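Work through the exercises below with the structure in view. Try each task before reading its solution.

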Amino acid sequence: MPSIRCRNWHVLFNITIIAASATYGCVAVQKIIGTGSLLVQVLRRAGSTSKLPTSVTVIDIDYPSQDTLRPAFEGQDAVLSLVPTLTTESQITFIDAAASAVIRRLFPQNTVKVQEHMLKTARATRLNYTIIYNGAWLDAGAFSFFVNFSDTTTNIHDGGNVPISISTLDTIADALVGVVDHPEETENRSAYVHDMVTMQDHLLSVAKRVNPMKEWKTQDFNPDDLTARYNVGLAKGLLNMEAFLSVYDGTYNELLRSRGKTDDDLVEILKHILLRGP
Ligand SMILES: NC(=O)c1ccc[n+]([C@@H]2O[C@H](COP(=O)([O-])OP(=O)(O)OC[C@H]3O[C@@H](n4cnc5c(N)ncnc54)[C@H](OP(=O)(O)O)[C@@H]3O)[C@@H](O)[C@H]2O)c1
């Protein structure tokens with residue numbers, strides 16, 4: 001267990017994680033604890049029954065309230081906000097509370113309104129940020145968007161042959177630890193990582209190899225339908241679908257420990273999803 005240290009403006013040591021019980025948060029909190037060198041506290045929603053590792057300090061917070069957040073943030077070096085996408089109001093409050101508690105680094109989610117507020121705050125205060133872009137999750141979340149394991153029909157987006165970046169949760173959590181280890185190189189930056197660049201067609205062909213017995217049907221999907229489906233978020237500028245359906249150059253892969261994945265790795269990951277169930 002790391003001991004309490006005096007604050008050093010060049011080191012991120014006292015780490016607060018918000019939503020450590022989330023799909024992403026569960027993996028991230030284990031990685032951060034696993035460093036053995038960081039002091040971790042987790043903020044949990046008041047009334048939540050989520051289970052968290054016993055080695056972390058848990059503070060129950062009535063979100064979104066600056067009055068309750070500020071004391072929890074004081075003395076912390078970094079805040080990792082791993083909350084679900086459509087929590088814009090809470091995320092804006094995290095930014096304001098972090099700036100007022102003189103936190104050094106915030107890791108906001110990459111939605112449009114949150115980014116805009118983050119950039120404005122970073123220009124006006126000592127709070128700085130790193131936004132990690134990782135493309136689509138390979139082993140969780142909306143992967144069914146690309147390969148539908150639970151149903152017979154997969155919607156094909158943009159003809160299925162548009163390059164996309166994909167990453168496992170493990171890789172993204174490694175990238176978080178990498179940023180904590182390299183605060184100066186990642187200050188006020190978007191950090192791009194991925195396991196591989198692929199296309200939906202290729203993901204489907206690997207899935208067919210992994211499970212040739214399944215009926216794999218496809219249908220062309222109109223991007224306008226996607227916009228309609230995500231209308232609430234997209235139209236209000238809440239969601240950043242580009243972040244999800246984009247290809248990145250993986251410029252930060254090396255710095256942030258992302259070793260990349262091969263097709264053989266992809267086969268193993270898809271086998272695992274199949275065994276586990278979607
Ligand atoms: N690239 C991709 O493919 C992809 C896919 C999905 C998600 N994501 C990103 O990953 C992030 C996390 O998504 P996720 O699926 O891991 O989340 P999730 O599992 O839905 O997170 C749920 C947890 O978040 C906490 N929470 C919920 N509402 C909150 C609020 N208003 N304020 C504070 N905490 C709140 C709660 O934890 P407690 O009960 O413990 O407080 C809840 O149990 C999203 O922002 C999204 O941008 C990316």
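**Exercise 1.** Find the bridge partner of Leu43 in E3.

Solution. The partner of Leu43 in E3 is Ile59. Strand E2 (residues 39-45) is joined to E3 by five bridges, and the two run parallel. Two strands pair if DSSP finds at least two bridges between them. Strands (E, at least two residues) and helices (H or I, at least four) are DSSP runs, numbered from the N terminus.

The model is predicted: local features need pLDDT of at least 70, side-chain atom pairs count only at pLDDT 80 or more, and totals for chains, interfaces and linings use all residues. Residues are numbered from 1 along each chain as its sequence is written.

**Exercise 2.** State the strand order of the open sheet, and explain which strands stand at the edges.

Solution. The seven strands follow the order E3-E2-E1-E4-E5-E6-E10, with parallel pairing. Strand E3 (57-61) and strand E10 (189-192) each have a single partner strand, so one side of each is left without a neighbour in the sheet.

**Exercise 3.** Describe how H1 and H5 pack.

Solution. Helix H1 (residues 23-34) and helix H5 (residues 169-181) pack at about 45°, their axes 9 Å apart. Axes are lines fitted to C-alpha atoms, for helices over the stretch in contact, and angles run from 0 to 180 degrees between N-to-C directions. H1 and H5 are therefore oblique to each other (under 35 degrees is roughly parallel, over 145 roughly antiparallel, 65 to 115 roughly perpendicular, the rest oblique).
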